[in-house]
Amino acid sequence: MPVHPGSPLAVCYRPFMNNENIESNGQKSRHVNVASWERFVSAGAGGLLLTKSLGRSLPGTVLGAALAYRGLSGHCHLYESLNHSTAPEEHQSGEVRVLRVVTIEAPREELFQFFRHTPDRFAEIMSPLAEVTPLGDDRYRFLIKGPFKTYESITRVHNTREPESFEWDTESGEVEHRGSLRLQTSPWGTEVSVEVCYRVPGGHLTSALSRLTGREPHETLERALRQVKARFETGEVPTVEGQPMGAGKQRLVRDGATA
Amino acid sequence: MKALVFHGKMDVRVETVPDPQLLNPKDAIVQVTRTAICGSDLHLYHGLMPALEPGDILGHEFTGVVLEVGSKVRHLKKGDRVVVPFTISCGNCFHCKKHEYSLCDNSNTNPTLQEAAYGASTAGLYGYTHMLGGYAGGQAEFVRVPFAEVGCLKIPDQVSDERALFLSDIFPTGFQAVENAGVGEGDTVAVWGCGPVGLFAIKSAQMFGPEKVIAIDGVDERLELARKIGAVVVDYRTENPLTRIPELTGGRGADCCIDAVGMESHGFGPGAIYDKAKHLLRLQTDRPNVLRQAIQTCRKGGTVSIPGVYGGLIDKLNLGSAFGKGLTFKMGQTHVQKYMKPLLEKIVNGEIDPTFLITHRDSLLDAAEAYRRFSDKEDGCIKVVLDPLMASRRVLEAVEATALPVAP
């Protein structure tokens, strides 16, 4: 994704790996260069063609299989030879990058205190993305739930510039993970930007699946920041958890629980 | 408690659900004394609003008595009679401080859902989809009122629940529409839709000394009521507003046009048929027939004000006409808390009796039938007020009537 030099994204945009790294890792021939909708169409058309032609027409079978492969793998050899790609950068590298900015009407120092000097708070703001346990001495254990297994990594907070920013980085573990939190004073309050980047083994497929399973990192981070905003501005976090509801919903919930 | 629960399109039922409880320190629990069905509840009933789920309790116009308050509620106490605005607002954020209560930053419990659809999230509302917070509504015996000090206005002793009830939504909504339209002395105001909001817009417009208020609708009893309160009526079934409004305004067009219909406009002619077809095919969520007429018949440099609810996408909007004539648009959910106190004063002073449009009074237990009747515009139904205590009151009356005299 192109980042405009003046945009807030530019401030903290630091991907782990650029495309040269991927190429040097020898993954170039399999990287994703087809956009999601195109993959969907390819896979659908390929599958259909394959079932219609199997055992009847050799060219149809080959074409069907090729289209299905293109859709499922997300890689197109033709695009590659033309040096073309329709996939967003994060899919190409298998990296998930999340940036959220929210303005909170509270002094920067108070917010910094809240985020940085209370280990449980850092764990809490990260909790939508991972299960975080403070280990003391600015180290945290991150348990990131993937669709097939849970990945563990140890993260260390560093580079603290009070009261404007701090960063964190993977010290060890299966998931590469790093991020930053920045606080900027504006006429409307304090602008809080949190950026999180992580790379899980299995790359784009895993992140696509984690989206399907409902853990959309953009949304969960946004929700967490909005809750902090509400807490600072109103003294409480709005909720409907535990309010009455009718039979229709109880039935749905029960079905979900037994499924 | 008993509450009106959404089950699906055209399927609402009164059923027993758990009583609400205090969930946050600024909450209050209110026992509902009167609750109404709003025209915008029909958008939910017709299954047109996204993110409404079976089991959701509807209703966003209600008065009640405070039963219980949270630890951080100072200015309310048990026994206070209150009217509750339909917008849930924190009172502390940037927008609430500017009295833009319906744009509250903090009260929506599901901000990400609305941000994805609208680009920003707005205030949570009672009983109005999970996109707007998923709060349980007021067509029930009891309701939890979050941010209760911002969300409750005490009703003075001399004002009945019924007269205060419409401060929760439709009176401020009609009034804000008029304020947004910039109605001034000598103006001609055209109001589309003579439902409750349209009728309050007519009444509110008259407070600003306009030369004429034109009311457009196609339902007899609504037109009749609009005529009764002093509007010049246009029945779109027999007269074309696109030609009739210029006739009534010396060819200039109306200074202020108010679309109090919103996304489910009926209308007439090819435009209406086109909208209906696209709507049925789900190619557009909202039918903008009224909005097109408002733009077309507004005078050059005039203002179009939209209190009617729109939810999604519209098609074939005559923006060229609006641009060419240099129109101003103002719209949005009502900042109810901003208007409640001044409008309550008007009720206390006797300037307006908001009960003029009530056509039906029912028990909460009959709410499902009331929805059907309101939706079908049957039996002259304009505004339904539900009384959660009506059933018990009737039982008491019956017991008193049949009780045998006790021997001394």
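One term first: two residues are in contact if their C-beta atoms, placed from the backbone, lie within 7 Å. Please also keep in mind that this is a predicted model.

Let me start with the domains. Chain B is divided into domain 1, which covers 2–169 + 335–396, and domain 2, which covers 173–331. Taken over C-alpha atoms, the centres of domain 1 and domain 2 of chain B are separated by 26 Å. Where they meet, 16 residues of domain 1 of chain B are in contact with 17 residues of domain 2 of chain B. On the domain 1 side, α1 (39–45) and α13 (336–348) of chain B each supply at least two residues.

Now the core. How many residues does the largest nonpolar core have? It has 117, and those with the most contacts inside it include B:Val30, B:Val189 and B:Ile214. Why does this core lie between domain 1 and domain 2 of chain B? Because both domains give residues to it. As background, nonpolar side chains in soluble globular proteins tend to be buried together.

Take B:Ile214 as an example. Leaving aside neighbours within four places in sequence, B:Ile214 is in contact with B:Thr188, B:Val189, B:Ala190 and B:Val191, among others. Its partners also include B:Ala231, B:Ile245 and B:Leu248.

Next, the two chains together. Here 36 residues of chain B are in contact with 26 residues of chain A. On the chain B side, the elements giving two or more residues are β1 (2–8) and α3 (111–118). Of these, β1(B) gives the most, with three residues. That side of chain B divides into 16 nonpolar, twelve polar and eight charged residues.

Last, chain B as a whole. Chain B has 15 helices and 17 strands, and 52% of its 408 residues count as buried. For that number of residues, a compact globule would have a radius of gyration near 22 Å, and the 21 Å of chain B agrees with this. Among contacts in chain B between residues at least 6 apart in sequence, 73% join residues at least 24 apart.

That is the end of my part.

How values were computed
Residues numbered from 1 in each chain as written. Chains lettered and ligands numbered in written order. Predicted model: local features only at pLDDT ≥ 70, side-chain atom pairs only at ≥ 80, totals over all residues. Helix = DSSP H or I, 4+ residues; strand = E, 2+ residues; numbered from the N terminus. Rg over C-alpha atoms; globule rule 2.2 N^0.38 Å. Buried ≥ 20, exposed ≤ 12 C-beta atoms within 10 Å, placed from the backbone. Nonpolar A, V, L, I, M, F, W, Y, C, P; charged D, E, K, R; others polar. Core = buried A, V, L, I, M, F, W, Y, C linked by C-beta atoms within 7 Å. Domains from an automatic or database assignment.
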